[in-house]
Amino acid sequence: MFIQAPYQWDFVTPGIPDGAFEAAPGFSPTPMEQRVMLLAHLRPRPDSVVWDVGGGTGALALEIARLLPRGRVQALERDPEAVELLERNRARFGINNLEVLQGQAPVDLQRLAPNPDRVLLEVGRPLGGVLRAVWESLALGGRLVISTSSLEGLVDATDHLGQLEASDLQVVQATVHRMQRRGDQTRLGAAEPLFLIAAERHQ
């Protein structure tokens, strides 16, 4: 039986190239530059317990796990095809401190480790009760980072975090342009803009 060797990426900085991750139709990794920004706002510690709710391809969860040798990362993803892809990427990088679970928030949050100190919430729709359930699970002093590409998600997130009296609320729009060559012309192509909302829970 052929066993694939782990992908070699031995640099200390975050920012694994997009092409290093296995992708599938309908699933592509968050662009490298946006992953770096999300990680910077998450501010994990070496022994953090991290939830990634809406794991997708697992690119961001893998970035975190490889930087936290004493930490624990759990990715919750509802789509079975995405879960399979996430598992393949976890195996591809030989990551052992990342656990992948198929499920949906908020009902399956109880399957995750209690009181995480860092949570990533990736959504493409208004958050509603999911955000509140995640917030109630977050440890005091913990940090939540939400990413969404929709204006509805941005407004919903900031409204709810205001009602929850979140501390250190920050909103950033992350837009990435990369050089692309088309024939004899060189242009900058834009990735889909991402809204990044970060906050801390102190009560």
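**Figure 1. Ile 197 is a buried residue in this predicted model.** With a relative accessibility of 0%, Ile 197 falls under the 20% cut-off, so it counts as buried. You will find Ile 197 in strand E9, which covers residues 194-200.

**Figure 2. The neighbours of Ile 197 come from other parts of the chain.** Leaving aside residues up to four places away in sequence, Ile 197 touches Leu 144, Val 145, Ile 146, Thr 148, Leu 154, Ala 157, Thr 158, Leu 161, Leu 169, Gln 170 and Val 171. Val 172 is also worth a look: its C-alpha atom lies 6.5 Å from that of Ile 197, although 25 residues separate the two along the chain.

**Figure 3. Helix H4 packs through its buried residues.** Helix H4 spans residues 129-137, and its buried residues are Val 130, Leu 131, Ala 133, Val 134, Trp 135 and Ser 137. Their packing partners are strands E1 (49-53), E4 (118-123), E5 (143-148) and E9, together with helix H5 (151-163).

**Figure 4. Stepping back, the protein has five helices and nine strands.** Along the sequence they follow the order α-β-α-β-α-β-β-α-β-α-β-β-β-β. The radius of gyration is 17 Å, close to the 17 Å that the globule rule gives for 203 residues, so the protein is as compact as a globular protein of that length. Of the 203 residues, 49% are buried. Among contacts between residues at least 6 apart in sequence, 70% join residues at least 24 apart.

**Figure 5. The surface of the protein exposes about 10,300 Å².** Carbon and sulfur atoms supply 51% of this area. As for charge, the protein has 20 positive and 25 negative charges, and their mean positions are 4 Å apart.

Terms used: Residues numbered from 1 in each chain as written. Predicted model: local features only at pLDDT ≥ 70, side-chain atom pairs only at ≥ 80, totals over all residues. Heavy atoms only, no water. Helix = DSSP H or I, 4+ residues; strand = E, 2+ residues; numbered from the N terminus. Buried < 20%, exposed > 50% of the residue type's maximum accessible area, 1.4 Å probe, protein only. Contact = heavy atoms within 4.5 Å. Rg over C-alpha atoms; globule rule 2.2 N^0.38 Å. Areas by Shrake-Rupley, 256 points an atom, 1.4 Å probe, with all protein chains shown as cover. Lys, Arg positive; Asp, Glu negative; His and termini not counted. Charge placed at Lys NZ, Arg CZ, Asp CG, Glu CD.
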